[in-house]
Amino acid sequence: MKHLKSLFKEQYNPDNFFLIAGPCVIEEEEILTTVAEKVSAICKRLAIPYIFKASYRKANRTSVHSFTGIGDVEGLELLQNVGKAFNVPVTSDIHSAAEAAMAAAYVDVLQIPAFLCRQTDILIAAAETGKVVNVKKGQFLSGESMKFAVEKIKGAGNDHIILTERGTTFGYQDLVVDYRNIPIMKHLGEPVVMDCTHSLQQPNQTSGVTGGNPQMISTIAQAAIATGADGLFIETHPDPSKAKSDGANMLRLDLLEELLEKLVAIRKVVKSF
């Protein structure tokens with residue numbers, strides 16, 4: 001956690017988990033501002049370190065007809081503006097080695113999507129920017145195998161790494177969470193985050209739109225804190241039913257505060273042992 005402290009400009013409780021949260025994709029400035037204002041205020045009150053997240057482009061949509069973004073530079077500029085306006089670090093995912101330097105000019109943390117976590121050129125390009133690199137564990141990988149992603153990033157001269165658990169493929173249209181992966185990846189010496197929303201996806205639906213199980217977000221988050229997760233990743237939106245990406249597994253914004261209050265209380269109990 002030491003290398004993450006420089007990210008957070010606001011005062012916070014160092015015993016708390018940190019939060020990565022925001023809408024799945026950048027749709028419009030108003031939604032970004034609404035979510036950032038609400039979540040940053042909650043986190044400030046609860047002394048939770050906060051990183052704002054939104055994707056400037058979605059490159060792995062199921063259907064060719066799905067919304068992918070408003071434009072790379074336009075999206076990144078809005079993301080950077082949110083960070084400055086609310087005094088919080090920001091993150092977005094990249095999808096190729098060529099995107100790393102471009103995105104790094106606007107964001108504080110580069111996120112590597114789960115499907116791309118083995119792509120050596122992407123990991124090295126992200127590492128070479130000097131930014132914090134958050135690698136999502138592939139749905140097809142064990143926690144132990146993430147040591148190779150860590151080795152690639154450190155080998156490129158960057159030891160600012162986050163590892164994120166986001167579920168494991170179960171059949172064709174579901175995911176399950178193996179909580180053993182949290183302590184296993186923590187043993188690699190890097191902060192470990194639980195992605196509480198993508199781990200509830202129901203992919204490969206014949207409709208071409210990924211399904212989800214958002215009523216279980218609280219359960220996933222509570223179990224993650226109980227098993228020692230350093231951070232939580234929660235995508236949230238004012239009205240998930242109208243979201244242009246991953247609406248089926250995002251948390252409704254007005255439900256976030258009560259959940260975070262509960263999680264802070266659980267964290268205090270965990271830290272007391």
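Me: Which helix supplies the largest share of the lining of the second largest pocket?
Reply: In this predicted model, local features need pLDDT of at least 70 and side-chain atom pairs count only at pLDDT 80 or more, while totals for chains, interfaces and linings use all residues. Residues are numbered from 1 along each chain as its sequence is written, and side-chain values use heavy atoms, without hydrogens and water. Helix H7 (217–226), strand E13 (251–252) and helix H8 (256–271) each give at least two residues to the lining of this pocket (helices, H or I, of at least four residues and strands, E, of at least two are DSSP runs, numbered from the N terminus). The largest share, three residues, comes from H8.

Me: How many residues line the second largest pocket?
Reply: A pocket here is an open set of points on a 1 Å grid over the protein atoms alone, where a 1.4 Å probe fits, with protein on both sides within 12 Å along at least five of seven lines, and lining residues have an atom within 4 Å of a point. Pro-214, Ser-218, Leu-251, Leu-255 and Leu-259 lie nearest the centre of this pocket, within a lining whose residues number 14.

Me: Which residue follows H5?
Reply: The phi of this residue is positive, near 90°. The residue that follows H5 is Gly-157.
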